[in-house]
Amino acid sequence: MPRLDDHFWSCSCAQGARHRGRPAARAGGLAAKVGEMITSSVAGPSLRAARSAPDPDPAPAPLGPGEGGYATSWHHHLLQRSLVLFSVGVVLALVLNLLQVQRNVTLFPEEVIATIFSSAWWVPPCCGTAAAVVGLLYPCIDSHLGEPHKFKREWASVMRCVAVFVGINHASAKLDFANNVQLSLTLAALSLGLWWTFDRSRSGLGLGITIAFLATLITQLLVYNGVYQYTSPDFLYIRSWLPCIFFSGGVTVGNIGRQLAMGVPEKPHSD
């Protein structure tokens, strides 16, 4: 049987060991905390600077598998529409200018008259380029204004518009009035009727007036510089009904351009 003094001795020794272990553990924990504080005080500014530094510019996202195809298709359709509009402008210029020359409304110098088409060589390409620009501009303005043109969007209506425009130009060369003012008022009414029948859009009216003004100004400059001339001019070297022809021509080519633009994919955006 163990003695009582041994029991007390063992208890006192165990308690002393526990009391001695606690300061050691506390000292070890205190040292660890001091080490962490020192480490954080040294590395803290660099970590904060790294966190506050702006992120580098992200790499541009690669184009999707279909975006490149859309861009190629859009440019392909644009080229096709430009070629068609240019061809339409060339044909209309040859046919309509032939009527003016045959009726002696438009006079070109003999050295620049072509033997086949009775027109100066530069008239068809200039009219073709103008037709391409106008025909592409009409649907572009419609898209920019957010007012897509949906009035009589069919090729039969476009062909009737072309026929009416040719008739207006034919009337300017064939009809005989007492004076040019009466002819000009008649052609103005016909031109507005063409716009109301086949267009009826604010953008079409505004672009038609703008085209008539610019084309008339360019024609006056050409006549003033002796490139060609009109018989019986009554409005600054030209005929007073000429702006009506330009207005109706702009509306007609604009309708052709709008019809060609139907079903064309939208231009892809870069953002």
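A pocket is an open set of grid points with protein on both sides within 12 Å along at least five of seven lines, and its lining residues have an atom within 4 Å of a point. Keep that in mind as you tour this predicted model.

**Stop 1: the largest pocket**

Select C127, A130, A215, T219 and F246. Of the 35 residues that line the largest pocket, these lie nearest its centre. The volume of this pocket is about 1,000 Å³.

Now colour the helices. α2 (67-102), α3, α4 (155-174), α6 and α7 each give two or more residues to the lining of the largest pocket.

How many residues of this lining are nonpolar, polar and charged? The count is 26 nonpolar, nine polar and no charged.

**Stop 2: R258 and D142**

Leave the pocket and turn to charged side chains. The structure holds three salt bridges. Start with R258 and D142. Their side chains meet in a salt bridge, at 2.7 Å from N to O. R258 sits in helix α7 (residues 242-261) and D142 in helix α3 (residues 123-145), so this pair ties together parts that are 116 residues apart in sequence.

Is R258 buried or exposed? R258 has 4% relative accessibility, so it counts as buried. D142 has 5% relative accessibility and counts as buried too. The cut-off for buried is under 20% relative accessible area.

**Stop 3: D199 joins in**

D199 lies in the loop between α5 (180-198) and α6 (202-224), while R258 lies in helix α7, so the pair ties together parts that are 59 residues apart in sequence. Both D199 and R258 are buried.

Show D142, D199 and R258 together. Which network do they form? Salt bridges with shared partners join D142, D199 and R258 into one network.

**Stop 4: R160 and E154**

Finish with R160 and E154. Here the side chains meet in a salt bridge at 3.9 Å, N to O. Check the surroundings of each partner. R160 is partly exposed, with a relative accessible area of 43%. E154 is at 40% relative accessibility and counts as partly exposed. Compare that with R258, which is buried at 4%, and with D142, which is buried at 5%.

Technical notes
Residues are numbered from 1 along each chain as its sequence is written. This is a predicted model: local features need pLDDT of at least 70, side-chain atom pairs count only at pLDDT 80 or more; totals for chains, interfaces and linings use all residues. Side-chain values use heavy atoms; hydrogens and water are left out. A salt bridge is a side-chain nitrogen of Lys or Arg within 4 Å of a carboxyl oxygen of Asp or Glu. Helices (H or I, at least four residues) and strands (E, at least two) are DSSP runs, numbered from the N terminus. Buried means under 20% relative accessible area, exposed over 50%, partly exposed in between (1.4 Å probe, protein chains only). On a 1 Å grid over the protein atoms alone, a cavity is a set of points where a 1.4 Å probe fits but cannot get out, and a pocket is an open set with protein on both sides within 12 Å along at least five of seven lines; lining residues have an atom within 4 Å of a point. Grid points are joined across faces, edges and corners, and a volume is the space filled by probe spheres set on the points. Ala, Val, Leu, Ile, Met, Phe, Trp, Tyr, Cys and Pro count as nonpolar, Asp, Glu, Lys and Arg as charged, and the others, Gly among them, as polar.
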